[in-house]
Each structure stands twice: as C-alpha cells, then as structure tokens.
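Here are a few notes to read alongside the model. Please keep the structure open while you go through them.

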Amino acid sequence: MAAPRPVNSTKPLRVAVVGAGPGGLATAIHLLRLKDVELSVFDQARELREVGAGISLNENTWRLLQDLGAADKLEQYVKRGANGKILMEHRNGRTGALLSRAYHHGDPDKPPAVRVERYKLQNALLSQIPPDLIQLSKKLASIAETPSGVTLTFTDGTTAGPFDLLVGADGIRSVVRQHAFPTHKLKYTGKVAYRVLIPQEKVAHLLPDIPPASCFWHTRRNYIYTNVLDNGLFEIATRAEEPEEHGNKVSWGQTVPKEQVVHHYQHFSPLLREVIDAPDEWLEFAMFGGPRLESIIHNNRIVLVGDASHPLSGAFGSGAAFAFEDAYALKHAIDFARSHGQDLGYALQLFDSVRAPRYRDLYGVLDQMANNTEQVKSQNPDIDDDAYVEKTTERNWQQAQERGFIYKYNVSSAIRHVLAIQLTRKNRSRKSGHSARQQRKSS
C-alpha cells in the first residue's frame, strides 16, 4: 500500500463521503471549506428524506450548528430565556410518580435544549451545500484499495474513484466499517424502537396529565418517552423486546400498525396506555450495537464518522452532536496537516487522537450504567418493580445528567489541545535539531 500523499500536494485532495445523513452532510460542509478538495457525496436513498421523529439539540449541538452555519435555520423553532421551564422529567410508568426533574437554564443568550423534527435539521444542513453535490441511488456494494486510492463499486454496477480519502458516514450498519474492520460485528440488542409524531389534538384530553417537556416513563421492562412540542405536535418514542428473527427483518424506519405496538405496554398506567393507543401507525427501528472500536481510521485513507464510528444504539440521544464533532475534528486535522506539510495519514492520526478518547468515555458511561443496574439486582434480589425503577433511575439517569462532558463537551477545545501538543513537539524537535547542528559546527 502506497503511503498517503501530502494533503498540501499540488493535486486536489479527492474525498468521497458515503452517506448523506447528519454526519455526512456536516462532513461535506466542513470539507467544502478547505481549498483544493474534490468532494463527492453518495447516498443509497432515491430521495433525501429524514426517517424518524424528533431529535435533541443540546448545548454542544447548538455550538456545532452555529459553526456549520445552520443554527439560524433552526432557531426560529425554539424559544429562548425559558427560565423555570421544565426541561426533563423521569417518572414511574406504572404509577406516574415523579423520580427526577431538571429545568432549562433560562439564559436568554443561549438556545435551550429542545426537540425538533429531524427533517428540519436535515434541511438546515442541506442549505449549506450545493444542491447537486449529492449523488443518490448509490448503494455501496464493495470497496477496493490500491496504491492509487480507494475505488467504490455500487449495486447499480457503477464505480467511482480512486479517492485519496473515504469517509464512512453510512450509519450504524456501515458498509465502510465492515470493509475497514471486518472482525467488528454488530449484534441485534433484542429490542426495537417505535417512534411517532402525531397532532396534539389526538391526545388533547390527556395533556393536562402529561409534563410539557421531555419525559421518560420507566417500568422494569421498558420505558415510554413523551414530549409536547411547541409546534402543535406530540412525540412518542419507546423500545420493546422483539425476537431476533423479527429484529433482523426490520428495515430502518418501516411503518407498522398500532396493533404491533400496543400489546407491549399493558403494564403501564391507563394514561400511558391511552397515549400508546393514540397513533394509528408507528415507525419501527431495530436496535443494533457493537463494541467500541479502538481506532476509527484504516490504512490512513479511510475514516468513520457518526453512527458508523460509534454503534451506540441510540444511547444518550445525542447522535447528531457526536457526528458533528467528528466532522469538525476531521476538517481541522486535515487543515493543520496541510499547513505543516504533513500527509493525510498524519491528519487522520490527529483526528483519531481526538475522537477515540471521546468514544472511550461514552462507552464507559454505558458500562457504568449496566453495572449500576446489576448492583441494584444483586443487592436487592427481591426488590419490587417500583423500587427497582426508583433505584435504577437514581443511579443511571440522574448521574448521566450530571456528567457534563456528554452534552457540554467542546470539540473545538479538545482539538486545540491536541494541536497545541503537536506544535510543542515540533518546536522541541526543531530546537533539538538546531542545537545538534550548532554542536557539530563547534566541533
């Protein structure tokens, strides 16, 4: 395999981004800001449409959207200065008892943490790239690496490339990840997510008893998430156990009738059973997850971003922010390498040194939450369902909210720190070389 050529070569850097979800679009926006980049973006969809319901925009998400130039497109849907407004609640799904509550910060200079429809986020990102950049109906079939670069073959028989850099932004079941890390295996978690947005009118008689904010209603087996959105919509999301043969047949975001959903939630309160019964149909998503990758770069010419790089199965509700962090770090790593005469491999190593610790910390939280749950079970083998919900919520969800590094993480500070270390090393090396030359002259 030939060494990657310098990213400040006289030839343009040829880059392919596979996937045009939030991570792929953010990567495209950032790379378009670099000089001498030939960018191609491919997506398997016949048309770009967001499949899903709502998406969370937290403090770190807003900061990154501002850098992407997309924040203004979304701020029209949010309200600032919501001091004292409930941000999030956790409740017992059987009794309705309040377990914990958090409030908006109320800072008029900062957008609050909110939920918006996913299509609004996608449209905000699409507004920042040329409309004809994305090539649709391009489902990736195989990848070939040669000394001249990376060549892509699609299921329609066409090829593209060779490229100097391939960015895998093709989601949790990434073909790019499968090529780069063939021993990394995803596993069906045994659960599917059901999600839907409906008009508030369908649950108007229930709204007085539902918190006007993000609310998780927990039971021992699963949970229901509700949110009364500001634009007259009502969001419901939940997870349910389904056998492996079912999960492996589920396509991402397929429509299913309510009869497939409602029977999972008979152990919830009458209020929540009515909530679950309100939609006529739902979107279904099979949940897959996998172990953390020690590195998310391959052969100094392939890099993973977004769900392709961290198969967290929807944990933390901040997947878009993590993908935006990836895109930001990649752009600045390439830019730094260029300005210091280094090659693409150097840039990707810098990127990896910023992102790998981030995912290590996130997976660490998941491990701790799993340990907390096991401790509750082992310390109280006969614990009843309500006490179990209270204990696990206290240990997991409240602790997670207190971990500011999840939602307040600043990727700009993180990459500046890494680049500062690189500059210090270069300066030391330069001074050391200068001293050695002086000593040779003296002798």
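1. Let's begin with Pro162, which is found in strand E10, residues 159–163. The peptide bond that leads from Gly161 to Pro162 is cis, and its omega is near 5 degrees. Please bear in mind that this is a predicted model.

2. Another backbone detail to look up is Ser137. Its place is in the loop between strand E7 (134–135) and strand E8 (140–146). Phi of Ser137 is near 55 degrees, a positive value in a residue other than glycine.

3. Now for the helices, with helix H9 (residues 319–339) and helix H1 (residues 22–32) to start. These two pack at an angle of about 25 degrees, and their axes are 8 Å apart. Angles under 35 degrees count as roughly parallel, so H1 and H9 are roughly parallel to each other. Their crossing is right-handed. On the H1 side, the contact is made by Pro22, Gly23, Ala26, Thr27, His30 and Leu31, while H9 brings Ala323, Phe324, Ala327, Tyr328, Leu330, Lys331 and Ile334. Sorted by class, the contact of H1 with H9 has nine nonpolar, three polar and one charged residues.

4. How do H9 and helix H10 (residues 344–379) cross, and within what distance do their axes come? The angle is roughly 155 degrees, and the axes of H9 and H10 come within 7 Å. Since angles over 145 degrees count as roughly antiparallel, H9 and H10 are therefore roughly antiparallel to each other. H9 passes H10 in a right-handed crossing. From H9, the contact takes in Phe322, Glu325, Asp326, Ala329, Leu330, Ala333, Ile334, Phe336 and Ala337. The H10 residues in this contact include Tyr346, Leu350, Phe351, Val354, Arg355, Arg358 and Leu362. The contact of H9 with H10 has 15 nonpolar and four charged residues, with no polar ones.

5. H9 also meets helix H2 (residues 59–68): the axes of H2 and H9 come within 9 Å and cross at roughly 45 degrees. H2 and H9 are therefore oblique to each other. H2 passes H9 in a left-handed crossing. Asn60, Thr61, Leu64, Leu65, Asp67 and Leu68 of H2 make this contact with Ala321, Phe324, Glu325 and Tyr328 of H9. By class, the residues in the contact of H2 with H9 are six nonpolar, two polar and two charged. As you trace H9, you will find Phe324 and Tyr328 in its contact with H1 and again in its contact with H2.

6. Finally, have a look at the second largest pocket, with a volume of about 230 Å³. Which residues line the second largest pocket? Its lining is made up of Ile172, Arg173, Ser174, Val175, Arg177, Gln178, Pro182, His184, Lys185 and Leu186. How does this lining divide by class? Four of the lining residues are nonpolar, three are polar and three are charged.

Notes:
Residues are numbered from 1 along each chain as its sequence is written. This is a predicted model: local features need pLDDT of at least 70, side-chain atom pairs count only at pLDDT 80 or more; totals for chains, interfaces and linings use all residues. Side-chain values use heavy atoms; hydrogens and water are left out. On a 1 Å grid over the protein atoms alone, a cavity is a set of points where a 1.4 Å probe fits but cannot get out, and a pocket is an open set with protein on both sides within 12 Å along at least five of seven lines; lining residues have an atom within 4 Å of a point. Grid points are joined across faces, edges and corners, and a volume is the space filled by probe spheres set on the points. Ala, Val, Leu, Ile, Met, Phe, Trp, Tyr, Cys and Pro count as nonpolar, Asp, Glu, Lys and Arg as charged, and the others, Gly among them, as polar. Axes are lines fitted to C-alpha atoms, for helices over the stretch in contact, and angles run from 0 to 180 degrees between N-to-C directions. Helices (H or I, at least four residues) and strands (E, at least two) are DSSP runs, numbered from the N terminus. Angles under 35 degrees count as roughly parallel, over 145 as roughly antiparallel, 65 to 115 as roughly perpendicular and the rest as oblique. A crossing is left-handed if the near helix is turned anticlockwise from the far one by less than a right angle, and right-handed if clockwise. Contact means heavy atoms within 4.5 Å.
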